[in-house]
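Here is a short tour of a predicted complex, written to be read alongside the model. Please keep the sequence and the 3D view open as you go.

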Amino acid sequence: MNIRLPALAMTGLVACAFGAPEAMADGSGSATLDAVKARGQLVCGVAGQVPGFSLPDSQGVMRGLDADGCRAVAAAVFGDMNKVKYVNLTTQNRFTALQSGEVDVLIRSTTWTLGREANLGAEFAGVNYYDGTGFLVKTATGVKSAKELDGATICVQPGTSTELAIADYFRRNNLKFTPILIENLAEIQTAFLSGRCDVYSTDSSGLATFRATQPTKEDFVLLPEIISKEPLGYMVRKGDDKWFDIVRWTYFAQLTAEEEDVSSKNVDEQMSSTNPDIRRLLGVEGDMGKALGLDNKWAYNIVKQVGNFGEMWDRDIAVLGVPRGINNLWTKGGIQYAPPIR
Amino acid sequence: MSIALSSGATPARERPPLGTTGPVGWLRANLFGSWWSTALTLALGYVVVRFLWGFIDWALIRAVWTVPMGPHGPDATICRQMKGAGACWAVIGDKWRFILFGQYPYNEQWRPGICVALFIALYAASANRAFWRRELLYLWLGTLAVIFALMWGGFGPLQFVPDDQWGGLPITLILATFGLVAAFPLAILVALGRRSKELPVVRILCVVYVELIRGVPLISLLFMASVLFPLFMPEGLNPDKLLRAQVAIILFAGAYLAEVVRAGLQALPKGQSEAAEALGLSYWRKTRLIILPQALRLVIPPLVNTFIGFFKDTSLVLIIGIYDLLTAGKVALADPAWTGFAAEVYLVLAAIYFMFCFAMSRYSHGLELRLAAARGR
């Protein structure tokens, strides 16, 4: 400890001395893109333990919507979705890892809020999952709406945004409830199953997953009210707009591909499509990729290797039994909407 | 009368009354000595048998060993229908390689497997006193070099595996082994420094180091290493996360071990040091030949206690996102296909930790006995 302080001060000075020129000496105008290309690998911050978003399978391969988002960015930059290094981050060290440059992009089911964007030196490039706090009850109780939950005991994890959202919701509706705070996820589920609480509340994605893994899912019902907004998405450092564009348009390209019915299976046939939107997307026409500082076949590579947004959803989220809901395309009743690629 | 008897041949040695020796006698003396003791024995015996039977029933008789594959991986419906009446060992069958080796590339996992075997062989060789020679140091250096070469790879047919893909048991063994091997010499130096009378600055530095480190939990040190430290470094120049955690563990273990060693130094009679000085030995020779061998022998039990504690404390690296053995087990459980089968996974993890800790404990016990015998000679 005693030896470390001067060393830290020294490194701080070195950082100041080297920080500025580093950002300027480049070819593409994006320090992050140059660093990623020089490294030959995208370093992607994920949770590493959230089913459906990022979780290693039995063979240790990272699976999930967030993990596939990383693959899509790698496919756009390198034309190879496997050039990704995943860094497992906790809720405590995720922002530091992004700020310090340990990761190039943070896709860690992180909620987009004003506070985070204004205070943390980071910005959100897209929302891959519109989540929100929901309620799960046993079907036997006959409850059909959250408005009927007056006097209920609710199992919730302490210190989460869920806890806050429930308190707000019940106060707003002049209802009373008794919170049962349990930190551990497995314990909270056991408590709900054993009847210690009437309601289990967390993000609706988590509730749907929990319901889908029960032996008889008809015993549980997810109430229709979603009482908070939790848009989860892609986060990058502020100050590198070109990198921000690449991450954002990677996500938009996947949405556009789904909208135009371009999938990993038919993308080769779609190359000869006459639809100008598809031709621009796949780089047959125009210089969309070049404008981003990438290859013109960037979106072709994303769709060919990772698939469109719907394919990612089916592979990672739908198998958990979570309905698409508002995460559907705007053309299908959801709010996932991509600006035109032209 | 006694004289008359003893005049004949030595009488045959009288046998003790029936039922006071042998297993029956032991039982009678220790378990059924009085009616109170008998009642307690019976009551506890009933509880133990019931528990054991319940455990065997759950773990072996009604257990589910395999499950069929569903469209999206293993289908644990059979296990769930048991409703906890029987263990579901299929979760171990599906996840054991992830639990042991984490995210290490699946087809290359023989490499960390060999490394674990090498570590165990190294421990076994070091435990044998016949090997306590200078060559042992070379053996350690050589084996560790081989272990890291295997883990990293990047030469010949071996694909390069960066250390953030390492996980599971090798991580636990690396953190614990390096933590203790590096912390032990550090601890001896700090303990000596803290007792130094001629070098007040060194003494104060050692005291500050020990008190500062002991004053904060290991978790906060790991946090500093993983969260605070990178902020001071220039962008893109981050020492590796594993290395940062390793240094934090070494610093922490060093402070605790230093206090254990200092206890040994203090317990040694002053006469030993004075006698060594009277022989004209220099400070370092005195310390190496007279003081330390005796002081360390005195503190074997607390040393091993600290070693065992640290072996298990390495699991705290989970909070900075390194997948050691325990964390790999927890992550395996996060798979929705297997939620609710925590007991099985934790039992296996406990068995692995127990094997290592129990081996350490037995070894230190044997060492104490041998060293005590040497002293009595």
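Residues are numbered from 1 along each chain as its sequence is written, and chains are lettered from A and ligands numbered from 1 in the order in which they are written.

Here is the confidence for each chain:

| Chain | Mean pLDDT | Residues at 70 or more |
|---|---|---|
| Chain A | 87 | 92% |
| Chain B | 85 | 94% |

For the complex, the predictor reports an ipTM of 0.73 and a pTM of 0.78. Within chain B, helix α1 (residues 2-6) has the lowest confidence, with a mean of 49, and helix α9 (residues 200-214) the highest, at 92.

Let's turn to chain A and its domains. Domain 1 covers 21-131 + 231-332 and domain 2 covers 133-228, with bounds that come from an automatic or database domain assignment. The C-alpha centres of domain 1 and domain 2 of chain A are 32 Å apart. Where they touch, domain 1 of chain A supplies nine residues and domain 2 of chain A eight. On the domain 1 side, five of these residues are nonpolar, three polar and one charged; here Ala, Val, Leu, Ile, Met, Phe, Trp, Tyr, Cys and Pro count as nonpolar, Asp, Glu, Lys and Arg as charged, and the others, Gly among them, as polar.

Now for chain B. Its secondary structure consists of 16 helices and two strands, which are DSSP runs (helices H or I, at least four residues; strands E, at least two) numbered from the N terminus. Chain B is more spread out than a compact globule, because its radius of gyration is 28 Å, well over the 21 Å that the globule rule gives for 377 residues. That radius is taken over C-alpha atoms, and the rule is 2.2 Å times the number of residues to the power 0.38. The C-alpha trace of chain B spans about 100 × 75 × 40 Å along its principal axes.

Note on methods: Predicted model: local features only at pLDDT ≥ 70, side-chain atom pairs only at ≥ 80, totals over all residues. Contact = placed C-beta atoms within 7 Å. pLDDT = per-residue confidence, 0-100.
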